[in-house]
Amino acid sequence: MGEVIVITSGKGGVGKTTTTANLGTGLAKLNKKVVLVDTDIGLRNLDVVMGLENRIVYTLVDVVEENCKLKQALIRDKKYENLFLLPAAQTRDKTSVTPEQMKKLTDELKAEFDYVILDCPAGIEQGFKNAIAGADRALVVTTPEVSAVRDADRIIGLLEANEIKNPQLVVNRLRPDMIKRGDMMSADDVVDILAVELIGQVPDDENIVVATNNGEPLVGDNSLAGQAYMNICRRVTGEAVPFLDLEARKGLFSWFKKK
Amino acid sequence: MKITDIFKKKSSSDVAKDRLKLVLVSDRASCSPEIMQKIRSDIIEVLSKYAEIDMDGIDINFTQMDTEDNSGKTVPALYANIPIKNINHSVK
């Protein structure tokens with residue numbers, strides 16, 4: 001029996017889809033059987049970030065409405081044969097699916113896969129409720145900005161109210177130079193404020209833009225962001241991995257033990 | 001105040017942290033400005049029965065304080081600083 005993980009944030013544009021794509025690809029690299037589900041109906045993007053936009057035939061809504069079998073809608077990744085994508089419909093809206101239908105779908109998927117990773121839409125309305133309906137566990141993505149942290153706090157409250165205990169935090173787009181001169185909150189500052197467990201700190205890395213341009217998640221490559229995402233994947237599987245020193249120069253990795 | 005403090009400005013990340021802590025307390029307590037205003041006027045109304053209050057000096061707000069078990073956790077607390085001009089002794 002697999003695990004259903006929802007990637008959520010409240011605020012838009014903090015890196016949910018990028019995190020979902022890298023987490024899924026990284027777990028596939030670790031030989032796990034993974035399916036990514038884009039629950040952002042009407043504003044799908046996970047397909048382009050994964051570079052699979054040309055292969056979509058059926059969508060999540062088709063599966064729920066029983067226009068096709070679940071297996072027919074799953075798109076196999078270009079590189080990893082143990083990685084699949086269930087895309088969202090683009091021409092429908094969030095009300096096309098109910099939380100009960102999502103729960104049924106994720107239950108079916110986790111019987112097949114080690115990890116079912118849900119890319120949650122921004123906001124706290126129907127799309128969010130659908131995405132968390134079948135989730136066992138949540139990763140909350142935020143950036144070190146007041147608006148994103150505030151929304152993350154709200155999301156953490158809503159997750160806990162919906163019986164998804166102990167959400168874990170990914171702090172994205174950190175800039176060590178700004179943190180050093182006191183112009184950006186550090187991951188530890190954000191953790192202090194939100195009082196949740198930290199599972200990842202990802203630097204602001206231009207390689208992410210390049211990877212998204214190419215439709216190939218960078219997890220596991222030599223970039224700092226690639227390393228940071230790989231570490232998150234290993235922590236998700238239960239491994240204790242020390243946090244990266246984000247100040248290390250590119251190509252030169254020094255590690256430090258946190259606390 | 002030390003000489004060096006003149007040159008030491010509060011960093012913007014510290015400002016962000018302080019602002020966030022305050023805004024989250026009221027978010028978590030789900031306390032709207034309207035409710036805050038009601039609490040404020042109710043407190044003033046009750047106290048006015050017993051004392052003359054300096055209206056300009058009133059400061060009522062939600063803040064955070066450490067829990068009593070010293071576990072390092074904080075809980076929301078209502079902080080009220082209400083200067084009194086005169087105690088009204090004629091109340092029965």
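These legends describe close-up views of side-chain contacts in a predicted model. Local features need pLDDT of at least 70 and side-chain atom pairs count only at pLDDT 80 or more, while totals for chains, interfaces and linings use all residues. Residues are numbered from 1 along each chain as its sequence is written, chains are lettered from A and ligands numbered from 1 in the order in which they are written, and side-chain values use heavy atoms, with hydrogens and water left out.

**View 1. A salt bridge joins Lys33(A) and Glu112(A).** The N to O distance is 3.6 Å; a salt bridge is a side-chain nitrogen of Lys or Arg within 4 Å of a carboxyl oxygen of Asp or Glu. The two residues are 79 residues apart, with Lys33(A) in the loop between helix 1 (16-29) and strand 2 (34-38) of chain A and Glu112(A) in helix 5 (residues 99-112) of chain A. Helices (H or I, at least four residues) and strands (E, at least two) are DSSP runs, numbered from the N terminus. Lys33(A) is partly exposed at 29% relative accessibility, and Glu112(A) is partly exposed at 43%. Buried means under 20% relative accessible area, exposed over 50% and partly exposed in between (1.4 Å probe, protein chains only).

**View 2. Phe84(A) and Phe113(A) form an aromatic pair.** The structure holds 1 such pair over all chains. Ring centres lie 5.7 Å apart and the planes are at 70°, so the pair is edge-to-face. Rings of Phe, Tyr and Trp (its six-membered ring) pair if their centres lie within 6.5 Å; planes under 30 degrees apart count as stacked, over 60 as edge-to-face and the rest as tilted. Phe84(A) is buried at 12% relative accessibility, and Phe113(A) is buried at 4%. Lys33(A) lies over the face of Phe113(A), 4.9 Å from the ring centre; this requires NZ of Lys or CZ of Arg within 6 Å of the ring centre and within 35 degrees of the ring normal.

**View 3. Arg150(A) and Asp27(B) meet in a salt bridge.** The N to O distance is 2.7 Å. This pair crosses between chains, from helix 7 (residues 146-161) of chain A to helix 2 (residues 12-28) of chain B.

**View 4. Lys17(B) and Asp189(A) meet in a salt bridge at 3.3 Å, N to O.** Lys17(B) lies in helix 2 of chain B and Asp189(A) in helix 9 (residues 187-194) of chain A, so the pair joins two chains. Lys17(B) is buried at 16% relative accessibility, as is Asp189(A) at 15%. Asp14(B) is linked with Lys17(B) and Asp189(A) in a network of salt bridges.
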